[in-house]
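The stops below follow ring contacts and charge pairs.

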Amino acid sequence: MTKKVGIGITGGIAAYKMADLVSKLKKNDIEVIVIMTEAATRFITPLTFRTLSGREVLHDLWEQHDEWKVKHIGVAEELDLLVIAPASADFIAKMTYGLADDLLSTIVLATTAPVLVVPSMNTNMYLNPVTQENIEKLISRGYRFMDPDTGLLACGVSGQGRLPEIEDIYEQIINLLNPPPQDLQGKRLMVNAGTTCEDIDPVRFIANRGTGKMGYCIAEEALKRGAEVILVSGRTHLEPPPGLEFIPVWGAEEMCQVMRERQADCDIIIGAAAVGDFRVAQAADQKIKKTDDGSQRLVLELVGTPDILKTLGASKQTGQIMVGFAAETEDVLNNAKKKLKSKNLDFVVANDVTMEGAGFACDTNIVTLISLDGEVVSLPKMSKQEVARAIIDKVVSLLNN
Ligand code: C5P
């Protein structure tokens, strides 16, 4: 049955970003009822949301409506989820004290659906103890909150207060509408992520374009589905998700050693890290000096690093599931199949990194899952969270076989 989500927009500059969210929800067959506060209509017009949601936008408590006898109660009862985004400091305060002087605040009080609040405001307003106390009170009453992102804000200062990425809000909505199955309960999954780094000297190193996003999404998805997760991470700018065992590492050899030590404890191992294939044969003890005129040449001798998955694949235990990635620039399927065999994997997630919307430093990926049993499943362009879900679905189907 189609799910119905109320999107409550309050007065904040991020209100315009909700157009993307409404559009994404609609495209994914979720019915959206947009409710705006008076202040929100000053930032973006209801017409935008009427066009995107395909239905009238609600903002006036007193206006009669044919669809519901008592509008705020009728809407509140129909919702599967109410999202307040952006949630201003003022609206959060109103929610805390149960004020109900406009349509959105009455719906908040009247609904029994889960409510997701996504604050977005100036850093000082957000960090103000009044706002923080209000948020704590609301959390203790069962309201869900998303932390704002940190960055440059519309008011010119930098700090916490930005609306999280629409993709992340969308993910939260999907999780609340369809709580993930606990199909990895009792299983331990180890995933590696990020780029490995190989020292040249004490200040320089060789790394690559791996951002860690794919591996971190896999770790999060596995956590959500009940697994115990070990995240072995090379360099990345991402925050490790709470609730897992986080092991930061530097080079490929260290990553390999850590994973070998933990291999026997794991039911599932996924290699999503961008492991460097070479390291500097002899890293310098001191910083390598340059000559003043810049004419010097520096030749580094590189030697191979261990292939981590191949090493683990060689001592794979019965029933252990191992998954690798194959980022290719040509002959994707054949190269991926070779990796599947040489690394003793159960399936490979192959992608052509030359395609737009695939590969490194990108929020989306276009992948093909190639299994040992010969099954080849090509997936459309998806967010990395969606790819992570597809990978875990495949792992679960193998565990159940
Ligand atoms: O052989 P290639 O580097 O393309 O294989 C990619 C897969 O192998 C990825 O899953 C990656 O994490 C893993 N890998 C590894 N150790 C290496 C190189 C790649 O585990 N030294």
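**Ring and charge contacts**

Start by selecting F205: its relative accessible area is 29%, so F205 is partly exposed (buried means under 20% relative accessible area, exposed over 50%, partly exposed in between, with a 1.4 Å probe and protein chains only). This is a predicted model, in which local features need pLDDT of at least 70, side-chain atom pairs count only at pLDDT 80 or more, and totals for chains, interfaces and linings use all residues. Residues are numbered from 1 along each chain as its sequence is written, and side-chain values use heavy atoms, with hydrogens and water left out.

One aromatic pair is counted in the structure. F205 and W250 form an edge-to-face aromatic pair, 4.9 Å centre to centre with 70° between the planes (rings of Phe, Tyr and Trp, the last by its six-membered ring, pair if their centres lie within 6.5 Å; planes under 30 degrees apart count as stacked, over 60 as edge-to-face and the rest as tilted). The two residues are 45 apart in the chain: F205 is in strand β10 (residues 205-206), and W250 is in the loop between β12 (245-248) and α11 (252-263). Helices (H or I, at least four residues) and strands (E, at least two) are DSSP runs, numbered from the N terminus.

K24 and E167 form a salt bridge, with their closest N and O atoms 3.6 Å apart (a side-chain nitrogen of Lys or Arg within 4 Å of a carboxyl oxygen of Asp or Glu). This bridge links helix α1 (residues 18-27), which holds K24, to helix α9 (residues 166-177), which holds E167, across 143 residues. K24 also lies over the face of Y170, 4.5 Å from the ring centre (NZ of Lys or CZ of Arg within 6 Å of the ring centre and within 35 degrees of the ring normal). K24 is partly exposed at 21%, as is E167 at 24%.

Move to R188 and E228, whose side chains meet in a salt bridge of 3.0 Å, N to O. R188 is in strand β8 (residues 188-193) and E228 in strand β11 (residues 228-233), 40 residues apart.

Finish in helix α10 (residues 213-224) with K224 and E221, three residues apart, about one turn of the helix. Their salt bridge is 3.6 Å, N to O.
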